Amino acid sequence: MVISMRLPPESGKRLKRMANRHGWTASDASARLVEEGLRRSEFAFIDFRDSAAGRQASIQGSTLAVWEVMLLMRSYRADVSAVAKHLGWPPAKVQAAVHYAEAFPEEIDQAIAENDETDFATLKRMLPQAVEFAAAKAAKR
């Protein structure tokens with residue numbers, strides 16, 4: 001659908017800067033921002049951030065993308081309370097990630113698949129400070 005809008009000159013300049021930074025047209029950037037704004041208004045605790053993998057839905061007040069919370073949900077067999085306890089979050093925040101993932105499963109599944117395909121060498125190129133380590137098993141008491 002084509003919708004035209006008027007922006008204050010300074011907003012138009014900022015929109016063009018954002019579009020250039022991402023390699024988008026101003027029209028693409030404005031459409032993305034509108035979609036993100038709609039999703040923010042429809043889903044509690046959801047925000048959008050730039051990352052090495054592109055713009056991603058994230059949980060407000062954290063560094064975690066929604067797909068990362070969903071990885072934890074898989075690890076904890078979809079137990080919202082257990083994931084909330086693991087993260088030190090209220091269960092409502094974890095449930096917000098679940099609701100978003102249910103509404104946009106292709107987006108979340110694609111991010112998880114990309115994560116699964118990323119090896120350490122690829123990660124090191126994106127995050128030069130990354131250090132590989134092996135976790136030691138906890139001693140039994």
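**Close-up 1. The side chains of Ser58 and Arg49 are joined by a polar contact of 3.2 Å.** In this predicted model, Ser58 belongs to strand 2, which covers residues 54-59. With a relative accessible area of 5%, Ser58 is buried, because a residue must fall under 20% to be classed in this way. Leaving aside residues up to four places away in sequence, Ser58 touches Phe45, Ile46, Asp47 and Arg49, and also Leu64, Ala65 and Val66.

**Close-up 2. Helix 3 packs with helix 4 at an angle of about 120°.** Helix 3 is formed by residues 66-75 and helix 4 by residues 80-87, and the axes of the two helices lie 9 Å apart. Helix 3 is therefore oblique to helix 4, and the crossing of the two helices is right-handed.

**Close-up 3. Residues of helix 3 meet residues of helix 4.** On the side of helix 3 the contact involves Val69, Leu72 and Met73, and these meet Val80, Val83, His86 and Leu87 in helix 4.

**Close-up 4. His99 is located in helix 5, residues 91-103.** The relative accessible area of His99 is 41%, so this residue counts as partly exposed. Although His99 and Trp67 are separated by 32 residues in sequence, the distance between them in space is 12 Å, taken from C-alpha to C-alpha.

Key
Residues are numbered from 1 along each chain as its sequence is written. This is a predicted model: local features need pLDDT of at least 70, side-chain atom pairs count only at pLDDT 80 or more; totals for chains, interfaces and linings use all residues. Side-chain values use heavy atoms; hydrogens and water are left out. Axes are lines fitted to C-alpha atoms, for helices over the stretch in contact, and angles run from 0 to 180 degrees between N-to-C directions. Helices (H or I, at least four residues) and strands (E, at least two) are DSSP runs, numbered from the N terminus. Angles under 35 degrees count as roughly parallel, over 145 as roughly antiparallel, 65 to 115 as roughly perpendicular and the rest as oblique. A crossing is left-handed if the near helix is turned anticlockwise from the far one by less than a right angle, and right-handed if clockwise. Contact means heavy atoms within 4.5 Å. Buried means under 20% relative accessible area, exposed over 50%, partly exposed in between (1.4 Å probe, protein chains only). A polar contact is a pair of N or O atoms within 3.5 Å; within protein, one must be able to donate a hydrogen and the other to accept it, and residues adjacent in sequence count only if both atoms are side-chain atoms.
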